[in-house]
Amino acid sequence: MDKNTLVLRGSVIAFGAALLASAGSAAMADDDQNTRSVDVGVEIEPLTGPRSLAMTVESDSTVLTEGPSTGLERVFTGTLPKVTVTDTRAPGDIPDDAFWYVMGTASDFHDEEGQNTIEASHLGWSPRLVAGEGEGEPFVEVGGDVAPSDPGLGDQELLYLAESADANAAGGRFSAVADLDLVVPADVTAGSYSSTITLSLFE
């Protein structure tokens with residue numbers, strides 16, 4: 001291989017590199033031409049429409065687990081999911097001397113086959129306010145403990161309540177839960193049972 005041949009190959013390699021660099025620049029230029037951006041903006045005006053008093057529940061289910069049972073009865077415990085009342089109304093929209101309150105009632109427990117029933121009277125609760133969400137406010141009160149015996153939660157029972165105007169002025173957001181207790185005879189028929197606690201907000 002002579003000296004001229006070596007020079008020729010070097011020129012070819014340099015030319016190829018130049019082509020690759022040129023192609024890369026063209027591809028980047030095409031990419032730039034096909035790339036666009038969109039700015040997203042939003043202006044949120046002060047709330048002027050209808051405001052509301054509303055209730056939310058943190059979960060739609062809970063599970064009871066067996067606790068300190070005895071030879072005469074079996075005890076199952078759990079917790080009602082957090083119930084929050086939020087009041088976004090303007091103070092002028094609140095009726096004078098109004099209170100809002102949350103009531104709860106349970107249906108009977110039925111097993112999966114629908115053959116066995118545990119009456120709702122066997123279910124009780126102990127309401128309490130959630131720390132940091134209304135706890136300690138003098139105008140927010142929980143209902144009394146309901147023992148797991150007749151009527152239990154078979155009737156409507158108070159979870160908690162508040163004086164509407166004071167609660168609204170204090171931030172308008174308060175939460176409560178309840179410790180649940182199911183007590184049944186020791187010879188209760190084994191199985192998977194379910195009940196529904198219906199919660200209702202009134203003013």
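Tyr101 comes out as partly exposed, because its relative accessibility is 31%. On this scale, buried means under 20% relative accessible area, exposed means over 50%, and partly exposed is in between, with a 1.4 Å probe and protein chains only. Phe202 also counts as partly exposed, at 32% relative accessibility.

Before I go on, this is a predicted model: local features need pLDDT of at least 70, side-chain atom pairs count only at pLDDT 80 or more, and totals for chains, interfaces and linings use all residues. Residues are numbered from 1 along each chain as its sequence is written, and side-chain values use heavy atoms, with hydrogens and water left out.

Now the aromatic pairs. Rings of Phe, Tyr and Trp (for Trp, the six-membered ring) pair if their centres lie within 6.5 Å; planes under 30 degrees apart are stacked, over 60 edge-to-face, and the rest tilted. How many aromatic pairs does this rule give? The count is 3.

One of them joins Trp100 and Tyr160: the ring centres are 5.2 Å apart and the planes stand at 80°, so this pair is edge-to-face. Trp100 is in strand S4 and Tyr160 in strand S9 (residues 157-163), so the pair ties together parts 60 residues apart in sequence. Strands here are DSSP runs of E, at least two residues, and helices are runs of H or I, at least four, numbered from the N terminus. Trp100 is buried, with a relative accessible area of 1%, and Tyr160 is buried at 0%.

Back to Tyr101 and Phe202: their ring centres are 5.5 Å apart with planes at 25°, so that pair is stacked. Tyr101 belongs to strand S4 and Phe202 to strand S12 (residues 197-202), so the pair ties together parts 101 residues apart in sequence.

Next, Arg89. It is found in the loop between strand S3 (73-87) and strand S4 (99-106). Is Arg89 buried or exposed? Arg89 counts as buried, at 10% relative accessibility. Its side chain makes a polar contact of 2.8 Å with the side chain of Asp87, and another of 2.9 Å with that of Glu203. A polar contact is a pair of N or O atoms within 3.5 Å; within protein, one must be able to donate a hydrogen and the other to accept it, and residues adjacent in sequence count only if both atoms are side-chain atoms.

Leaving aside neighbours within four places in sequence, Arg89 has contacts (heavy atoms within 4.5 Å) that include Arg51, Ser164 and Glu203.

Last, Ser164. This residue lies in helix H2 (residues 164-169) and is buried at 0% relative accessibility. With neighbours within four places again set aside, the contacts of Ser164 include Asp87, Arg89, Trp100 and Glu203.
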